[in-house]
Amino acid sequence: MAHGVHPNFMDKHEELHRPKLQRVLVIKHNANQRYATSGITPFLFKEAGKIHNLPTQEFAVRNGMGCGSTIGPILASGVGIRTVDCGIAQLSMHSIREICAKEDIDIAYKHFKAFYQSFSSVDKMLTVDT
């Protein structure tokens, strides 16, 4: 899941990082490694989506705003695999009335299916300097 932009609090998000409901899957970034997304993994995820005509949204926490975390960084360091933190946009995260768009569930399913079908071929095309 990702914090979707609330129409009453748009200033809480960076202008180009406002995840909208009923659009596309959100890839989450954080320079302090609060999310598991690295410099390489969003490229792999987006390329797999492009093969199946599935766009993505990008999200980075606004400078100066607090940020939660996911278990992604812990899992990624423990198992040593490349990971990307992504999810569908929602309003009122951690509230008793969290809200997401029903269409986004199908979008997420299509993205994850495309990723599993296309990852190997996309990964073979990638050369990473170490």
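Visitor: Hi! Which share of the chain's contacts with a separation of 6 or more comes from residues 24 or more positions apart?
Guide: That share is 77%, with contact meaning heavy atoms within 4.5 Å. A word on the source: this is a predicted model, where local features need pLDDT of at least 70 and side-chain atom pairs count only at pLDDT 80 or more, while totals for chains, interfaces and linings use all residues. Residues are numbered from 1 along each chain as its sequence is written, and side-chain values use heavy atoms, with hydrogens and water left out.

Visitor: Thanks! How many helices and strands are there?
Guide: The chain has 3 helices and 6 strands; these are DSSP runs, helices being H or I of at least four residues and strands E of at least two, numbered from the N terminus. Their order from the N terminus is β-β-α-β-α-β-β-β-α.

Visitor: And what is the radius of gyration?
Guide: It is 15 Å, close to the 14 Å from the globule rule for 130 residues, so the chain is as compact as a globular protein of that length. The radius is taken over C-alpha atoms, and the rule is 2.2 Å times the number of residues to the power 0.38.

Visitor: New topic: where is S92, the residue with the positive phi?
Guide: S92 sits in the loop between β5 (89–91) and β6 (99–100), and its phi is near 60°.

Visitor: Is S92 buried, exposed or in between, and what is its relative accessibility?
Guide: S92 is partly exposed, because its relative accessibility is 36%; buried means under 20% relative accessible area, exposed over 50%, and partly exposed in between (1.4 Å probe, protein chains only).
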